[in-house]
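Work through the exercises below with the sequence and the model side by side. Try each task before reading its solution.

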Amino acid sequence: MSTDQPIIDVHGLEAWYGRRRILHGVDFRVMPGEIRVIMGGSGSGKSTLLRHLLGLQRPIAGTVKLLGIDVGRASAAERLALRRQLGVSFQGGALFTSMTVGENVALPLREHTRLDENTIRIMSRLKLEVVNLGGFQDLMPSQLSGGMIKRAALARAIVMDPKLLFFDEPSAGLDPVVSAELDELILQLRDAMRMTIVVVTHELESAFKIADTITVLDQGHVLLTGSVDEVRNSDQQRIQDLLNRRPREVEVDVDDYLRRLTEEQT
Amino acid sequence: MNTIARPLERLGRRTVSALAELGYAGMLLLESVYFTLFGWRQGQPVRWRAVAEQMRQVGVDAIPIIAMLSFTIGVMLGIQFIAALGEFGAESQVVLAAAKSITREFGALITGIVVAGRSGSAFAARLGSMVVSQEVDALAVIGIDPVRYLVAPALLAMLVMVPTLTVLADFVAVLGAGLYAGPQLDMPLTAYLLTTLQHLEPRDLWEGLSKSVVFALLITLIGISTGFAVSGGAEGVGRATTRAVVLSISAIVVADMLFSFFLNR
């Protein structure tokens, strides 16, 4: 793949939940080898954007292209081929609770390759070593701590050596040391395996540490996409609010307010 | 105006959502059949190991409880038929009455109700908690179709095991009836069982077995579609489990009545 082709290309993406509009014509491009952080407060639409990137939701309007394939229009076979090149680490880990850690990591290999059992075992243990979980393959997910679950999920996400890795909230619910270790791990993965990585987070510190570029989402709009310094020095009010943890000023429209109070339930 | 429109609107919404659920269950069924037959062509094979594991869970593990309950039902039928038919001196017909009512009706019904309580709720709870913890999403992004991996094995296992359990229930219930009614009729157990066999026609067994296949479909599809529809965390999982059991037992009883009506016209 030539370096000037974006690996993710989202154009004019719209999303609705019922009558509530979640994404307003989002444009989003990521170049190969980049670590992109999607940043935004709760309800900014970052999880919805991620679900669209993963093809878990079909866009109502707009296109989502990954590795040159339009996710919304791809055939089942194309989508399957695409998903083999993606790795995803979910917020809660989403390890399969009925399998051991080792079986979890080995599952994509078992389902998608014809490797023999020995190779699968060695490869999955290798990935567990990468995330510093060597020797933990026989434990069940319920026996792991929060940080270990995230790392095991990361091992499962990278076991097929994906071109593109998604990481949802790597530091949510972790203590600062563990979350710093995970940040370090993400940087190492990019350097060692040349992956393109998209991280969704609301942790400023970790975002600034790992990001090459940052996309700031707010209420379904992309406020800015730029380097760490560009985001830091942005003069947009909302971005400075996010960076300085200032509560937003709520503007009250009197008519609207009265209507909401008096409106009959539908 | 509103007093008329409101209930109508609610009725309309309920109807639409019931239809949507029916359509969803139908789609799950079609997709499971598709993956079973052609999944291997797309690199989405239904694994026999998963089917065997499900068969153990829904079938083998249910043998003790189903044997115990159908034995009890058999004894109960023996008591009732002896009492009822004895009133007008038709004790000799007890064997026939017990044989037909067990094979046509009670074997399948008891099996269906026990499996709905054990496995229907288990499907809903397992899938529901997998949805809540994003495990279903994880399967999808790994490139494993959740229907192929989670639904098809359960459906296949149920379609094999529920009829099998029904045959077992039939046998044990007839045994129970014989153990009570045999001595009352001065009949040794072997003679009772042989007479039962003479009275039974293939049609009687088929009626029970075809019902049990329909029960298997209903329990699986209701359990799984309620599980997939879970939202709202642990409380949602609990609600889905209850709903799956209540819905599938109601569906079984209604389907049973319809079957009996049409097969006995």
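How many helices and how many strands does chain B have? Chain B has 9 helices and 0 strands. Helices are DSSP runs of H or I with at least four residues, strands are runs of E with at least two, and both are numbered from the N terminus.

The model is predicted: local features need pLDDT of at least 70, side-chain atom pairs count only at pLDDT 80 or more, and totals for chains, interfaces and linings use all residues. Residues are numbered from 1 along each chain as its sequence is written, while chains are lettered from A and ligands numbered from 1 in the order in which they are written.

**Exercise 1. Characterise the two chains.**

Step 1: elements. Chain A comes to 10 helices and 10 strands. Chain B reads α-α-α-α-α-α-α-α-α from its N terminus.

Step 2: extent. The C-alpha trace of chain A spans about 70 × 45 × 45 Å along its principal axes. For chain B the spans are about 65 × 60 × 35 Å.

Step 3: radius of gyration. This is taken over C-alpha atoms, and the globule rule is 2.2 Å times the number of residues to the power 0.38. A compact globule of 266 residues would have a value near 18 Å; chain A has 20 Å, which agrees.

Step 4: burial. A residue is buried if 20 or more other C-beta atoms lie within 10 Å of its own, exposed if 12 or fewer, and partly exposed in between, with C-beta atoms placed from the backbone. In chain A, 39% of the 266 residues count as buried. In chain B, 43% of the 265 residues do.

Step 5: contacts. Two residues are in contact if their C-beta atoms, placed from the backbone, lie within 7 Å. Take contacts with a separation of 6 or more in chain A: residues 24 or more positions apart account for 64% of them. In chain B the corresponding share is 85%.

**Exercise 2. Trace the six-stranded sheet of chain A.**

Step 1: order. The 6 strands form an open sheet, β6-β7-β8-β3-β9-β10 in chain A, with mixed pairing. Two strands pair if DSSP finds at least two bridges between them.

Step 2: edges. β6 and β10 (221-227) of chain A each pair on one side only, as edge strands. Neighbouring strands are turned by 15° against each other on average, direction ignored. Axes here are lines fitted to C-alpha atoms, for helices over the stretch in contact, and angles run from 0 to 180 degrees between N-to-C directions.

Step 3: the parallel pair. β3 (residues 35-39) and β9 (residues 213-218) of chain A run parallel, joined by 4 bridges. In this sheet, V37(A) stands opposite I214(A) in β9(A).

Step 4: the hairpin. β9(A) and β10(A) pair in the antiparallel sense over 6 bridges. D218(A) faces H221(A) of β10(A). The hairpin has 2 residues between its strands, and Q219(A) in the turn has a positive phi of about 45°.

Step 5: surroundings. β9(A) is largely enclosed by the rest of the structure, because 5 of its 6 residues are buried. α5(A) lies across β6 and β7 of chain A, at about 170° to β6(A).

**Exercise 3. Describe how α4 and α6 of chain B pack.**

Step 1: geometry. α4 (residues 94-132) and α6 (residues 146-184) of chain B pack at an angle of about 145°, with axes 7 Å apart.

Step 2: composition. The contact of α4(B) with α6(B) has 19 nonpolar, 4 polar and 1 charged residues. Ala, Val, Leu, Ile, Met, Phe, Trp, Tyr, Cys and Pro count as nonpolar, Asp, Glu, Lys and Arg as charged, and the others, Gly among them, as polar.
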